[in-house]
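Work through the exercises below with the structure open beside you. Try each task before reading its solution.

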Amino acid sequence: MTAPPPAAPPPPGGSPAGPSPAGTPAATRTGAPDPSQSPPDTRRSLGAGAMIGVGLMAAVDEIVFHQLLGWHHFYDRLTSEVALFSDGVLHAVELVLLVAAFFVLADLQRRRTLAPGFVRAGFLVGAGGFQLVDGLVDHKVLRVHQVRYGVDLLPYDLAWNGFGALVLTVGLVLLARARRRSRAGAGR
């Protein structure tokens with residue numbers, strides 16, 4: 001009887017015990033960095049949060065002020081048919097934003113690069129930013145609609161823009177905090 005042939009040397013960084021268990025990423029078998037330890041993708045997390053903030057604030061505006069209260073439409077300067085059409089366009093855009101944002105969040109989660117602090121900050125920055133742009137640009141500069149018609153606009157404008165500024169400010173504070181924590185975590 002002859003002796004068995006000598007065992008082949010293990011691959012670089014591999015284990016002489018044989019292949020890794022099923023489900024273990026190939027990168028961990030070869031000694032490369034584990035993808036589960038990838039740094040958080042703060043930019044995409046912030047962007048996804050901002051898209052959700054814009055989409056949800058647009059939905060609240062449309063549902064509460066356009067439909068339930070009937071105070072205005074997105075574009076009030078022509079016929080009621082155009083106003084209704086403009087609301088439909090706004091609704092379509094907000095839905096596309098929300099769906100796209102949740103796909104980005106799912107991808108970040110799958111890659112294990114989600115940065116929750118940046119998502120929260122982005123949500124508030126997006127929501128407050130939408131509110132302020134609507135209140136200042138749409139209401140005052142472009143005058144495509146007002147908050148409400150047939151009333152003194154000053155209290156409505158102050159409440160609308162004040163709320164937007166407050167939400168945006170809280171979002172910016174959370175963003176600064178998330179950036180500090182991210183820098184501190186990267187320095188470890």
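## Exercise 1: Aromatic rings

In this predicted model, ring pairs link F65, W71, Y156 and W160 into a cluster.

Task. Find how many aromatic pairs the structure holds, and describe the geometry of the pair formed by F65 and W160.

Solution. 

Step 1. The structure holds 3 aromatic pairs. A pair of aromatic rings is described by the distance of the centres and the angle of the planes.

Step 2. For F65 and W160, the centres are 4.8 Å apart and the angle between the planes is 65°. Planes over 60 degrees apart count as edge-to-face, and this pair is edge-to-face.

Step 3. Now place the two residues. F65 belongs to helix α2 (residues 42-68) and W160 to helix α5, so their pair ties together parts that are 95 residues apart in sequence.

Step 4. Check accessibility, where buried means under 20%. F65 has a relative accessibility of 18%, so F65 is buried. W160 has 5%, so W160 is buried.

Step 5. Turn to W71 and Y156. Their ring centres are 5.5 Å apart and their planes stand at 90°, so this pair is edge-to-face. W71 sits in the loop between α2 and α3, while Y156 is in helix α5, so the pair ties together parts that are 85 residues apart in sequence. Y156, at 23% relative accessibility, counts as partly exposed.

## Exercise 2: Annotated regions

Task. State which residues the UniProt annotation "transmembrane region" covers, then give the helix content of residues 46-69 and of residues 158-178.

Solution. 

Step 1. According to the unreviewed UniProt entry, the annotation covers residues 46-69, 89-106, 118-138 and 158-178.

Step 2. Residues 46-69 are 96% helix and 0% strand, with 32 Å between the end C-alpha atoms.

Step 3. Residues 158-178 are 100% helix and 0% strand, with 30 Å between the end C-alpha atoms.

## Exercise 3: The largest pocket

Task. Give the volume of the largest pocket and say which element gives the most to its lining.

Solution. 

Step 1. The volume of the largest pocket is about 350 Å³.

Step 2. The lining of this pocket has 16 residues, and P40, F118, A178, R181 and S182 are the closest to the centre.

Step 3. The element that gives the most is α5, with 7 residues.

Step 4. Sorted by type, the lining residues are 9 nonpolar, 4 polar and 3 charged.

## Exercise 4: Loop residues

Task. Is T113 buried or exposed? Which residues does T113 contact, leaving aside its neighbours within four places in sequence? What is the phi of R112 and of R143?

Solution. 

Step 1. T113 lies in the loop between α3 (80-111) and α4 (116-141). Its relative accessibility is 8%, so T113 is buried.

Step 2. With those neighbours left aside, T113 contacts S38, P39, P40, D41, S45 and L108.

Step 3. R112 is also in the loop between α3 and α4. The relative accessible area of R112 is 56%, so R112 is exposed.

Step 4. The phi of R112 is near 60°, which is positive although the residue is not glycine. Most residues other than glycine have a negative phi.

Step 5. R143, in the loop between α4 and α5, has a positive phi near 55° and is not glycine. With a relative accessible area of 48%, R143 is partly exposed.

Note on methods: Residues numbered from 1 in each chain as written. Predicted model: local features only at pLDDT ≥ 70, side-chain atom pairs only at ≥ 80, totals over all residues. Heavy atoms only, no water. UniProt positions renumbered as here; feature names shortened; annotations may be inferred. Helix = DSSP H or I, 4+ residues; strand = E, 2+ residues; numbered from the N terminus. Buried < 20%, exposed > 50% of the residue type's maximum accessible area, 1.4 Å probe, protein only. Contact = heavy atoms within 4.5 Å. 1 Å grid on protein atoms, 1.4 Å probe; cavity = no way out; pocket = protein on both sides within 12 Å on 5 of 7 lines; lining within 4 Å. Points joined across faces, edges and corners; volume = space filled by probe spheres on them. Nonpolar A, V, L, I, M, F, W, Y, C, P; charged D, E, K, R; others polar. Phe/Tyr/Trp six-rings, centres within 6.5 Å; stacked < 30°, edge-to-face > 60°.
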